[in-house]
Amino acid sequence: MQDVQDDVQDELIARAQAWLAEDPDPETRAELSALLDAGDTAELAARFGGTLQFGTAGLRGELGAGPMRMNRAVVIRAAAGLAAYLKAQGQTDGLVVIGYDARHKSADFARDTAAVITGAGLRAAVLPRPLPTPVLAYAIRHLGAVAGVEVTASHNPPRDNGYKVYLGDGSQIVPPADAEIAAEIDAVAALADVPRPESGWEILGDEVLDAYLARTDAVLAKGSARTARTVYTAMHGVGKDVLLAAFARAGFPEPVLVAEQAEPDPDFPTVAFPNPEEPGAMDLAFAAARATDPDLVIANDPDADRCAVAVRDGDGDGDGWRMLRGDEVGALLAEHLVRRGARGVFAESIVSSSLLGRIAERAGVPYEETLTGFKWIARVEGLRFGYEEALGYCVDPEGVRDKDGITAALLITELASELKEQGRTLTDLLDDIAVTYGLHATDQLSVRVEDLSLIADAMRRLREQPPTRLAGLAVTSAEDLTRGTATLPPTDGLRYALDGARVIVRPSGTEPKLKCYLEVVLPVAAHADLPSARAKATELLTAIKRDLSEAAGI
């Protein structure tokens with residue numbers, strides 16, 4: 001037994017030494033050398049026990065040395081795999097446009113990608129500085145690129161970074177492209193065999209950004225009200241300058257900035273997680289709102305592809321302000337677009353509220369449900385509006401075929417302005433929607449884990465012993481989504497229908513979380529019935545969370 005352990009340890013050290021020999025980054029070389037010198041086999045095993053898997057979310061993981069971390073060596077291989085895939089598809093001299101955020105190593109990863117793409121014989125163009133992900137998504141189609149890469153970990157913790165790949169239609173990769181690119185990455189041998197010239201790629205000027213900003217004009221109705229006042233936080237990300245420029249073009253009052261979070265900072269010093277949905281992340285924005293009394297609060301996540309909205313509410317957790325759920329903002333934007341006469345398909349992912357389907361049905365517009373992720377929503381043919389409950393909204397699919405936190409902020413501020421002119425608020429419209437369509441109350445049970453096996457255990461437990469009742473409501477059907485449905489391809493998830501409720505359970509595709517999406521639908525006869533309906537919905541959601549947690553063992 002000891003001999004086997006020694007062999008395993010020797011192999012681990014040999015892998016680490018081989019990696020060290022070709023690592024192009026002096027920082028990760030020093031880090032790995034220190035681990036080897038210290039004989040830290042536990043940490044080496046964590047870094048060399050496998051490889052980061054390239055999938056439909058691209059790559060995302062913790063920064064550091066080794067194949068299980070995000071680093072320059074991993075990115076060079078990913079870029080070489082992408083270049084080989086594109087050439088195999090006949091794109092032998094096409095353009096790849098590259099964007100990046102302000103996280104640690106993002107600029108290095110973007111530069112390495114440009115070098116690899118250029119060395120492979122394709123053309124590369126890099127955005128001029130850290131910019132929102134939607135600008136990159138726009139640039140792909142605007143420049144006629146065959147692919148795009150955005151270096152970002154979105155709203156993940158400061159220690160993470162990521163690598164998101166788009167194809168020439170401006171939307172994120174989906175199967176089978178992900179597996180085909182992954183196979184090309186696996187085929188990359190030594191890094192020394194990957195040509196990486198020192199120059200030869202283009203650094204773009206502001207023309208692409210200017211074109212993106214000009215396109216944002218299409219989001220708003222001509223002559224619409226532009227009076228709503230906002231407080232804005234960029235959450236230490238790259239959204240501030242682009243959002244301010246878009247608001248100025250539109251003629252909205254200049255947003256009041258949350259100064260402590262306005263400038264890019266890869267350490268995200270004021271938040272535990274740079275995600276507006278996380279507890280405490282909006283505290284500084286709420287403080288600014290209490291001081292300035294705006295009509296609404298807007299937040300972007302660090303790469304500004306998501307948009308959070310908060311409204312005045314004496315019962316909220318923000319001392320007079322509360323965050324709207326993504327499903328609430330999705331319903332508001334959908335209702336606004338319908339009233340403006342928008343045509344085309346309204347689409348959402350399966351984890352989002354069923355309310356959008358009811359709005360679409362009443363308006364006589366087509367509706368589609370997709371798998372989780374904007375990579376699926378953006379590919380809906382004839383898409384006019386798409387959203388996902390995790391604060392992602394596509395309000396101008398002709399411009400950006402992805403979620404866009406800048407244009408979503410413009411559209412929700414236009415709606416708030418129109419309501420303000422009528423002496424009403426976003427909350428008033430939400431009340432109207434509840435009376436018209438029924439109260440669709442949503443919540444989420446989200447469990448972050450260190451050990452991913454806990455997620456697999458919970459999913460297995462639910463499959464082997466599915467709940468028959470939740471919150472006293474009978475489970476009327478249970479679907480294992482790995483088998484697919486009549487309209488959806490297979491995915492790792494479970495869907496339960498209850499009498500007046502719905503539950504979906506799935507592992508997160510971008511974070512070490514098990515996520516459970518809950519919805520309760522209650523009829524509402526009149527506005528006067530809303531308080532009791534909301535109280536009942538809260539009671540049911542709380543009970544569903546409790547019972548589901550017990551059933552899953554989490």
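This is a predicted model: local features need pLDDT of at least 70, side-chain atom pairs count only at pLDDT 80 or more; totals for chains, interfaces and linings use all residues.
Reader: How many helices and strands does the protein have?

Author: The protein has 17 helices and 21 strands. Residues are numbered from 1 along each chain as its sequence is written, and side-chain values use heavy atoms, with hydrogens and water left out.

Reader: What radius of gyration would a compact globule with 554 residues have, and what does the protein have?

Author: The rule for a globule is 2.2 Å times the number of residues to the power 0.38, and the radius is taken over C-alpha atoms. For 554 residues that rule gives a value near 24 Å, and the protein has 24 Å, so the two agree. The C-alpha trace spans about 75 × 55 × 45 Å along the principal axes.

Reader: On to sheets. What is the strand order in the open sheet of four strands?

Author: Pairing comes before order: two strands pair if DSSP finds at least two bridges between them. Here the order is 13-12-14-15, with mixed pairing. Strand 13 (367-370) and strand 15 (392-394) are at the edges with a single partner strand each, so one side of each has no neighbour in the sheet. From one strand to the next, the twist averages 15°.

Reader: How many bridges join strand 12 to strand 13?

Author: Four, and the two strands run parallel; strand 12 covers residues 345-349. For a landmark, take A347, whose bridge partner in strand 13 is E368. Helix 12 (residues 355-363) packs on the sheet, touching strand 12, strand 13 and strand 14 (383-388), and its direction makes about 170° with that of strand 12. Contact here means heavy atoms within 4.5 Å.

Reader: Now a helix pair. At what angle do the axes of helix 11 and helix 14 cross?

Author: Axes are lines fitted to C-alpha atoms, for helices over the stretch in contact, with angles from 0 to 180 degrees between N-to-C directions. Helix 11 (residues 326-339) and helix 14 (residues 405-421) cross at roughly 70°, their axes coming within 10 Å. That makes helix 11 roughly perpendicular to helix 14. As for the cut-offs, under 35 degrees is roughly parallel, over 145 roughly antiparallel, 65 to 115 roughly perpendicular and the rest oblique.

Reader: Which residues meet between helix 11 and helix 14?

Author: V329, L332, L333, H336 and L337 in helix 11 meet A408, L411, I412, E414, L415 and E418 in helix 14. By class, that contact has eight nonpolar, one polar and two charged residues. The classes are: Ala, Val, Leu, Ile, Met, Phe, Trp, Tyr, Cys and Pro nonpolar; Asp, Glu, Lys and Arg charged; the others, Gly among them, polar.

Reader: Last one: what do strand 17 and strand 18 form?

Author: A hairpin, with two residues between the strands; A471 in the turn has a positive phi of about 55°. Strand 17 (residues 469-470) and strand 18 (residues 473-480) run antiparallel and are joined by two bridges. L470 has L473 as its bridge partner in strand 18. Strand 18 also pairs with strand 19 (residues 494-498), in the antiparallel sense over five bridges, and V475 has L498 of strand 19 as its bridge partner.
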